[in-house]
Amino acid sequence: MRIVMLAIAWLMVAIGIVGVFLPVLPTTPFMILAAGLFARSSPRFERWLLEHPKYGKPLTDWRREGAISRNAKIASVSLMTASYAIVWFAGPPQLWLKLLVGVILVACAVFVLSRPSPSL
């Protein structure tokens with residue numbers, strides 16, 4: 001089971017890295033999942049991820065306080081808004097589907113905005 005969790009963790013890291021280059025694919029949720037899987041399968045890789053210069057602080061903030069930084073909130077909600085504009089103007093023609101996507105994105109935005117900001 002440890003090897004399966006380790007493989008899934010690396011898959012989450014890979015998807016997270018792809019998310020750096022694709023604005024519609026979030027990075028942080030995949031890294032949070034990878035850190036959790038590494039915690040159960042490889043303390044060495046968990047430590048590597050938590051000490052990573054780019055991903056370490058957001059992951060530590062999330063673990064410690066369930067916190068999301070102000071900049072990350074702004075980026076997240078901005079990208080959700082831009083994504084919804086693309087769906088609205090270039091997406092499927094069905095109004096119900098556009099509205100469903102909107103409801104899902106609003107729920108996600110509410111969740112992100114309701115998280116506390118990290119303390120020092």
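1. Asp61 and Arg64 pair through their side chains in a salt bridge, N to O 3.1 Å (a side-chain nitrogen of Lys or Arg within 4 Å of a carboxyl oxygen of Asp or Glu). Salt bridges with shared partners join Lys57, Asp61, Arg64 and Glu65 into one network. Asp61 and Arg64 are separated by about one helical turn, because they are three residues apart in helix 4 (helices are DSSP runs of H or I, at least four residues, numbered from the N terminus).

2. This is a predicted model, in which local features need pLDDT of at least 70 and side-chain atom pairs count only at pLDDT 80 or more, while totals for chains, interfaces and linings use all residues. Residues are numbered from 1 along each chain as its sequence is written, and side-chain values use heavy atoms, with hydrogens and water left out.

3. Lys57 also forms a salt bridge with Asp61, with the closest N and O atoms 3.1 Å apart. Asp61 is buried, at a relative accessible area of 5%, whereas Arg64 is partly exposed at 46% (buried is under 20% relative accessible area, exposed over 50%, partly exposed in between, with a 1.4 Å probe and protein chains only).

4. Four salt bridges are found in the whole structure. One of them joins Arg63 and Glu46 at 2.6 Å, N to O. That pair links distant parts of the chain, with Arg63 in helix 4 and Glu46 in helix 3, 17 residues apart. Arg63 is partly exposed at 42%; Glu46 counts as buried at 15% relative accessibility.

5. The largest pocket has a volume of about 1,100 Å³ (on a 1 Å grid over the protein atoms alone, a pocket is an open set of points where a 1.4 Å probe fits, with protein on both sides within 12 Å along at least five of seven lines; lining residues have an atom within 4 Å of a point). Its lining has 36 residues, and Pro26, Thr27, Thr28, Pro29 and Ser76 lie nearest the centre. Helix 5 gives the largest share, nine residues.

6. Trp88, Phe89, Leu95 and Leu99 make a nonpolar surface patch of about 450 Å² (residues with over 30% relative accessible area and no salt bridge, nonpolar side chains being Val, Leu, Ile, Met, Phe, Trp and Tyr joined within 5 Å). Helix 5 (70-90) and helix 6 (95-114) each supply at least two of the patch residues. Trp88 is in helix 5 and is partly exposed at 33%.

Methods. Patches are made of residues with over 30% relative accessible area and no salt bridge: like charges are joined within 9 Å, nonpolar side chains (Val, Leu, Ile, Met, Phe, Trp, Tyr) within 5 Å. Accessible areas come from the Shrake-Rupley method with a 1.4 Å probe; for residues, only the protein chains shown count as cover. Grid points are joined across faces, edges and corners, and a volume is the space filled by probe spheres set on the points.
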